[in-house]
Amino acid sequence: MLLHIPQVLSKQEVAQIRTELAAHEWKDGAHSSGAQAASRKRNLQLSLQAPVYARLAKQVAGALARHPLFASAVLPRQILPPMFNCYSGGGSYGNHVDSAMQRDSLGDPVRTDVSTTLFLSEPDEYEGGELIVEDTYGEHEIKLDAGDAIIYPATSLHRVEPVTAGERIASFLWSQSLVRDAWQRKMLFDLDMNILKLRQQLGDSDEVVGLTSTYHNLLRQWTQ
Ligand code: NI
């Protein structure tokens, strides 16, 4: 499931993060990929040693974790620290699938179930730079307002089109979900959203309480 998560960060927060990012060191992004992905990647990445990195990563992860749509759609067990990248001057990232495993700060393996890209540049600040995600329904082209995020299953083939003018700054991250299977996550998300709407229409009717208990019992069945 591809899902647009609007207004994860306010425009003020975006401006603050952009100012801090501009003052720090960026490195060739190919270092952070597996060998297959690295040969296709042409961008810059904020150094993980940059003094602001840990705080900005925490700020972005915290905003996502607090967003009700992200929480319902991802059901995160663990959100890995977000990273920051910048594409410009024709930079792109060819078709690839993200590595199945990343390491957390303790070096323990974390399975990447859900990928997230949070846009920090406005769409009119650069040309190109669309995130293209392939799923069973074809290719989807994504370019969102600054502060908005897209989530997609980490199993998807995806790429970033060349940025032919301006700069495309974004944050990206992976999460391990409590529910490994993307279809189960989608069904739980749809059920949750429908229960929410029914509750607004009907209040806590017996039927709403019944569906809510089904939701929680499915979650109990499917979480790991
Ligand atoms: Ni990727």
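**Nickel site, domains and local backbone features**

The nickel ion is coordinated at 2.1 Å by H96 (NE2), D98 (OD) and H158 (NE2). Donors are N, O and S atoms within 2.8 Å of the metal (3.2 Å for Na, K and Ca); water is not among the atoms, so sites may look incomplete. Along the chain, the donors of the nickel ion follow the spacing H-x1-D-x59-H. Both H96 and D98 are buried (buried, under 20% relative accessible area; exposed, over 50%; partly exposed, in between; 1.4 Å probe, protein chains only).

The model is predicted: local features need pLDDT of at least 70, side-chain atom pairs count only at pLDDT 80 or more, and totals for chains, interfaces and linings use all residues. Residues are numbered from 1 along each chain as its sequence is written, and side-chain values use heavy atoms, with hydrogens and water left out.

The domain assignment, automatic or from a database, divides the protein chain into domain 1 (3-177) and domain 2 (182-222). The centres of domain 1 and domain 2, taken over C-alpha atoms, are separated by 30 Å. Domain 1 gives 11 residues to the contact, and domain 2 gives nine residues. Contact means heavy atoms within 4.5 Å.

L80 lies in the loop between β4 (76-79) and β5 (83-88). Helices (H or I, at least four residues) and strands (E, at least two) are DSSP runs, numbered from the N terminus. L80 has a relative accessible area of 4% and is therefore buried. Leaving aside residues up to four places away in sequence, L80 touches Q102, R103, D104, V110, L173 and W174. F172 is 92 residues from L80 along the chain, and 9.7 Å separate their C-alpha atoms.

Most residues other than glycine have a negative phi. Q7, not a glycine, has a positive phi near 50 degrees. L75 counts as buried, because its relative accessibility is 8%.

M187 lies in helix α5 (residues 182-202). With a relative accessible area of 47%, M187 is partly exposed.
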